[in-house]
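Here is a briefing for a reader meeting this structure for the opening look. Start with the view below, then work through the topics in turn.

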Amino acid sequence: MPPEIDYSKCTGCGICKDTCSEDVFFGPDIVEPDGISKPKVTYPESCFHCYLCVEQCPSGSIKIRIPLVMHVPYK
Amino acid sequence: MKLEIENIKTDVLCVGGGIAGLMAAIRARDLGADVIIAEKGVTRFSGSARIGNDHFWCYIPEYHGNDINAFIKECMLTQLGNMLSNLSYPIIRTWLENSHEIVKLWDSWGIPMKKDGKYDFSGHSFPGRIMTHLKYKGRMQKPILTDQALKRGVKIMDRVMVFELLGDKQGITGALGMDTRQGRLIKFQTKTAILGTGAVIRLYPGVTPALMGNNIRPFTSTGDGRAMAYRIGAELFNVELFSRHAGVKNFCRSGQATWSGVCRDPDGKPIGKYIEKPNIKYSDMIIEVDKQIFERYHEAGKGPIYMDCRGLSESDYAYLREALLNEGNIALIEHFKEEGIDLMKNQIEFSTYEFRYLGRIAMNEHTETSIPGLYTAGDESTFSISGAAVFGWLSGEQATRYIKNIDFRSGEKDSDNIEKQKLMISSMKSESYGYDWKDANLALQHTLADYAGAIKSEATLTAGLSHLRRLRKKLDNSLRARNPWELIRCLEVRNLYDLGEITFIAALERKESRGMFKRSDYPYTDPLLNGKVLIIKNSEGKPITEWREMGG
């Protein structure tokens with residue numbers, strides 16, 4: 001379910017959280033072992049797949065994983 | 001439970017910071033009003049328009065010639081016809097007459113409306129006929145309009161959902177809002193409200209019911225403006241009607257006319273007669289002529305139907321790719337990349353999408369609703385980015401004119417209503433046993449689909465309405481939220497239940513079949529209802545319906 005955060009790259013800047021109109025990242029951040037608090041994906045099913053969190057993230061830590069049910073059939 | 005309320009005063013309150021709300025705010029501020037935008041998300045990145053757009057419906061005399069009626073007549077033949085046939089001629093004419101000015105304005109603000117210095121029309125049009133849609137690069141339209149609003153001193157309150165209007169028959173006096181992160185209550189005292197809360201989804205099940213966010217409109221588009229307008233007594237119309245859209249299967253995106261390919265059956269035969277080869281100037285108009293063709297082919301075992309863009313020249317393919325990006329298909333294009341789907345080699349499946357609510361707030365060409373001081377723009381009263389931009393702009397003008405002659409006041413029932421709303425919110429926040437928003441939302445969708453779906457009758461509608469009212473009564477005191485995010489969802493669900501209920505009532509009143517509205521007990525279209533709209537309004541807590549001449 002979209003989006004996913006790569007915590008090894010995330011700096012905890014919170015831009016993704018400010019960007020998302022659906023507030024997919026709602027709620028308290030998680031605190032990583034390094035002491036930095038980082039957003040967490042709380043409500044992925046409300047994602048609009050607008051991709052803006054990916055584009056706005058300065059560290060390239062977010063990936064949108066398209067759920068299998070949305071995969072486009074093709075030939 | 002004691003709920004603190006923050007008080008805020010403004011001349012003009014724009015409810016929703018989409019294209020309509022931003023344009024209204026910019027215009028009203030330019031004309032001297034104090035303006036606040038209350039937006040459920042963040043105006044830079046909210047609403048349907050955030051991901052972009054590449055077609056703007058407009059009439060440009062230097063391009064189209066001086067016969068505006070010939071232009072309108074042509075548009076009635078396209079997918080616009082379905083929507084335009086529910087709007088009065090003065091509304092359509094006002095829209096088009098103002099559209100070129102908005103195009104010039106947007107271009108001057110940095111939203112590219114021209115290609116190499118010229119207007120470029122393509123898509124949404126039959127080969128060899130009048131071109132109806134201006135191609136533009138709308139990817140950055142929301143940040144650009146937000147900057148224009150901020151530059152003028154519009155106050156933008158992001159992450160505030162307005163959930164109840166205050167006032168009476170004499171006019172709007174205020175509104176109640178809620179901070180979506182802390183759950184803080186806000187009372188706006190205002191002379192006018194401009195509703196621009198966008199589309200309605202989550203009323204009927206989506207294409208992927210488990211993923212409510214997979215829709216051509218964002219998850220938070222829950223008809224808040226329509227429901228609030230209805231509760232305060234404003235007239236809505238044709239709330240029982242719906243349309244179906246079509247596009248890429250499973251991955252819901254609007255903008256089918258951005259695709260330059262041909263719709264083909266599994267044997268490679270075009271399903272329509274309009275184009276046989278991909279064409280960047282005209283999209284395959286079979287989709288606009290018959291959006292349900294995908295579903296019918298599938299059900300008849302003749303499908304699936306594929307969008308085939310193979311054969312475009314390199315430069316045409318670049319044009320298509322850029323258009324797809326401007327139309328908001330970035331995630332889709334990334335998905336294609338990850339899956340190794342190449343539009344020059346592969347054909348992708350298209351399908352008919354879910355029900356799309358057609359009910360609107362009744363307004364005249366001046367964006368006035370039936371409640372003084374209440375204006376509306378955007379999807380709530382018309383449709384498309386162009387409708388939102390033009391009528392947003394005009395509503396800002398009208399609202400500013402209106403406030404000059406009135407003072408701030410309080411409605412007789414405002415205090416009672418505020419207390420009622422506070423009680424409702426306290427109940428939603430209660431920790432006792434109850435139902436969550438999703439459960440309530442799914443039950444509503446299920447009821448609408450089963451009893452007010454593709455084919456209905458007096459028997460199904462009566463049974464469905466009775467069930468919906470039972471669900472509703474149960475939820476009155478048992479909808480529960482664990483945090484402010486869920487509280488906002490509960491408030492949205494309450495709006496959806498209001499819209500669901502009047503959908504049933506209006507569907508019972510429409511004793512005919514028309515377009516996609518099918519009654520098995522009235523299978524014919526009643527010619528006596530041609531040119532009429534079905535009005536529904538709330539009078540002292542009771543829904544009242546009335547047939548009226550369009551524009552009357």
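In chain B, helix α1(B) brings I19(B), L22(B), M23(B) and I26(B) against Q141(B), K142(B), L145(B), T146(B), Q148(B) and A149(B) of α6(B). The residues of this contact divide into six nonpolar, three polar and one charged. The model is predicted.

**Helices α1 and α6 of chain B**

- Helix α1 spans residues 19-30 of chain B, and helix α6 spans residues 141-151 of chain B.
- Their axes are 9 Å apart and pack at an angle of about 25°.
- Angles under 35 degrees count as roughly parallel, so α1(B) is roughly parallel to α6(B).
- The crossing of α1(B) and α6(B) is left-handed.

**Helices α14 and α16 of chain B**

- Helix α14 covers residues 437-451 of chain B, and helix α16 covers residues 484-509 of chain B.
- The two pack at an angle of about 20°, with axes 9 Å apart.
- α14(B) and α16(B) are therefore roughly parallel to each other.
- Their crossing is left-handed.
- From α14(B), the contact uses W437(B), A440(B), N441(B), A443(B), L444(B), T447(B), L448(B) and Y451(B).
- From α16(B), the contact uses W485(B), E486(B), R489(B), C490(B), V493(B), L496(B), Y497(B), G500(B), T503(B) and F504(B).
- By class, the contact of α14(B) with α16(B) has twelve nonpolar, four polar and two charged residues.

**Helices α5 and α12 of chain B**

- Helix α5 runs over residues 89-109 of chain B, and helix α12 runs over residues 384-403 of chain B.
- The axes come within 8 Å and cross at roughly 90°.
- Angles of 65 to 115 degrees count as roughly perpendicular, so α5(B) is roughly perpendicular to α12(B).
- On the α5(B) side, the residues are I91(B), T94(B), W95(B), N98(B), S99(B), I102(B), L105(B), W106(B) and W109(B).
- On the α12(B) side, they meet S384(B), I385(B), S386(B), G387(B), A389(B), V390(B), F391(B), W393(B) and L394(B).
- The contact of α5(B) with α12(B) has twelve nonpolar, six polar and no charged residues.

**Where chain A meets chain B**

- In this interface, 30 residues of chain A are in contact with 51 residues of chain B.
- The size of an interface is often given as the accessible area lost when the parts come together.
- Between chain A and chain B, the buried area is about 3,600 Å².
- Carbon and sulfur atoms give 58% of that area.
- Six salt bridges are found across the interface of chain A and chain B.
- Over all chains, the structure holds 48 salt bridges.
- R181(B) forms a salt bridge with D23(A), and their closest N and O atoms are 2.8 Å apart.
- R181(B) lies in the loop between β7 (171-179) and β8 (185-195) of chain B, and D23(A) lies in the loop between α1 (15-19) and β2 (30-31) of chain A, so the pair joins two chains.
- E45(A) and K438(B) also meet through their side chains in a salt bridge, at 3.2 Å from N to O.

**Chain A in outline**

- Chain A has two helices and four strands.
- Along the sequence, the pattern of chain A is β-α-β-β-α-β.
- Taken along the principal axes, the C-alpha atoms of chain A fill a box of roughly 50 × 20 × 20 Å.

**Backbone details in chain B**

- Most residues other than glycine have a negative phi, and most peptide bonds are trans.
- R159(B) is not a glycine, although its phi is positive, at about 60°.
- R159(B) sits in the loop between β5 (155-158) and β6 (160-168) of chain B.
- G303(B) and P304(B) are joined by a cis peptide bond, with omega about -5°.
- P304(B) is in the loop between α9 (293-299) and β12 (305-308) of chain B.

Notes:
Residues are numbered from 1 along each chain as its sequence is written. Chains are lettered from A and ligands numbered from 1 in the order in which they are written. This is a predicted model: local features need pLDDT of at least 70, side-chain atom pairs count only at pLDDT 80 or more; totals for chains, interfaces and linings use all residues. Side-chain values use heavy atoms; hydrogens and water are left out. Axes are lines fitted to C-alpha atoms, for helices over the stretch in contact, and angles run from 0 to 180 degrees between N-to-C directions. Angles under 35 degrees count as roughly parallel, over 145 as roughly antiparallel, 65 to 115 as roughly perpendicular and the rest as oblique. A crossing is left-handed if the near helix is turned anticlockwise from the far one by less than a right angle, and right-handed if clockwise. Contact means heavy atoms within 4.5 Å. Ala, Val, Leu, Ile, Met, Phe, Trp, Tyr, Cys and Pro count as nonpolar, Asp, Glu, Lys and Arg as charged, and the others, Gly among them, as polar. Buried area is the accessible area (1.4 Å probe) that two parts lose on being put together, summed over both. A salt bridge is a side-chain nitrogen of Lys or Arg within 4 Å of a carboxyl oxygen of Asp or Glu.
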